[in-house]
Amino acid sequence: NNRNIYIGKLTVIASLSEVYNRLLNRLWIILLSNALKTSLVAVFIYFLFAKLLTRHLSRISEFALSDTTSTLDKPLVLDRAAKKEDEFDVVVSSINQLRRGLHDHIEELDQQKLYLAQTLHSIGDAVITTDTEGNVTRMNPVAENLTGWSIEEARGQPVKNIFPIIDASTREPIKNTVEKVMATGKVVYLSNHTTLISRGGTEYQIADSAAPIRDEGRILGMVLVFNDVTAEYQLRMAAAKNKRDLQEIMDNSPAVVYVKDTEGRYTFINQRFEKLFHIRREDIVGKTDHDIFPRDAADKFRKNDEAV
C-alpha cells in the first residue's frame, strides 16, 4: 500500500575462485592444444621457408664449396619454377658473371704461363729464376743440363746449392750474387774466370749475369742467365799461353824483333830491342818511328817497312 517495510539485509559475494579452479583444471588441455597449433604453424612455416629460401641457399653454398677452376665453365642453376626475376636470380646472375670473368682471367693467365714456359725453354742460354729469398722458382732445360739438377728437384732450393761457382784461377768459391742483386737492384756480371761445378762434378767455364725481377719498382726475385764458354775459355787460355811462349822465345832471341801494324805503329818489341835502343816496351807500343827516332832514321825505317 505504498509503504516501505524492512524485512532484512541482502548480501551478494562475487568471487573468481571457481573460475580459477576451472582454469587450473583445463590448463594442460589449453597448453597442449596451443602447443599443437603453434607446432603445426611452425612446421608449415619451416617447410614453406625451406622450399622458397633455405634449399636455394644450401644449393648456392654447396656449389661454392665444390667449385674449382676446372668447373668454372659450368654455371650455377637453381631448381625453381619460372617466375619473374627476384633477388635469387640477381644473386645467381652475379655469381655466374663473376665466375665467367674468373674463368676468362685464368685462361689468359694459363696462356701467358704457357707462352712464358715455351719462351724460357726456347732460349739458348741457361736461365734460372729465384724468389726474394734466393730460392729457385724456374729453370730451363739448358740450365738443367749444365747444373745437373731437374726443375722438380731444384724448385725451392737455394740457388747457391744449385749453382755453385768458383774462381777458375784461385779455385776459391765466388760469393752468391743473389744478395748483391737484392741489395743494389742492379745487374751483376761475373768475371770471365767463373767455373760452374755441376751436380755430377763436371766443370764448365761460364759467362753469366744476374738481374733483379721488378714489378713497378718492387723486386720480386732474380733472373740468372749464363752459358757454357768452356771451348772459348780453353782457346783463350791456349792463345794466352802461346802468346807467353812466343814472348819468351822472342825475348831470349839475340836478334832485334819487333812487330808493326800496317800504319807503322809498333805492337811488340823484344828485350833485345829495348836494350839496343834503350827504350821500354810500354813507351813504344802504339807509336811510329817518327814518334821515337830522328827524322832521317825514321824515314829509312819507314821506307824499309813499305818495301816489305
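Buried here means under 20% relative accessible area, so Asp289, at 3%, counts as buried. Keep in mind that this is a predicted model.

**Salt bridges**
- The structure has eleven salt bridges.
- In one of them, the side chains of Lys260 and Asp289 meet at 2.5 Å, N to O.
- That pair ties together distant parts of the chain, with Lys260 in strand S8 and Asp289 in helix H10, 29 residues apart.
- Lys260 counts as buried too, because its relative accessibility is 18%.
- Arg302 and Glu306 also pair up, at 3.6 Å, N to O.
- Both sit in helix H11 (residues 295-307), four residues apart, or about one turn of the helix.
- Glu306 is exposed at 58%, while Arg302 is partly exposed at 26%.
- Shared partners join Lys260, Asp289 and Asp305 into one salt-bridge network.

**Nonpolar core**
- The largest nonpolar core has 24 residues, and Met139 is among those with the most contacts inside it.
- Elements giving two or more residues to this core include strand S1, helix H3 and strand S7.
- Beyond its sequence neighbours up to four places away, Met139 touches residues including Leu120, Trp149 and Ile162.

**Strand S5**
- Thr194 sits in strand S5 (residues 194-197) and is buried, with a relative accessible area of 0%.
- Leaving aside neighbours within four places in sequence, its contacts include Ile165, Tyr204 and Ile206.

**Surface patch**
- Val41, Phe44, Ile45, Leu48, Phe49 and Leu52 make a nonpolar surface patch of about 590 Å².
- Phe49 belongs to helix H1 (residues 17-66) and is partly exposed at 44%.

Technical notes:
Residues are numbered from 1 along each chain as its sequence is written. This is a predicted model: local features need pLDDT of at least 70, side-chain atom pairs count only at pLDDT 80 or more; totals for chains, interfaces and linings use all residues. Side-chain values use heavy atoms; hydrogens and water are left out. Patches are made of residues with over 30% relative accessible area and no salt bridge: like charges are joined within 9 Å, nonpolar side chains (Val, Leu, Ile, Met, Phe, Trp, Tyr) within 5 Å. Accessible areas come from the Shrake-Rupley method with a 1.4 Å probe; for residues, only the protein chains shown count as cover. A salt bridge is a side-chain nitrogen of Lys or Arg within 4 Å of a carboxyl oxygen of Asp or Glu. Buried means under 20% relative accessible area, exposed over 50%, partly exposed in between (1.4 Å probe, protein chains only). Contact means heavy atoms within 4.5 Å. A nonpolar core is a set of buried Ala, Val, Leu, Ile, Met, Phe, Trp, Tyr and Cys residues joined through side-chain atoms within 4.5 Å.
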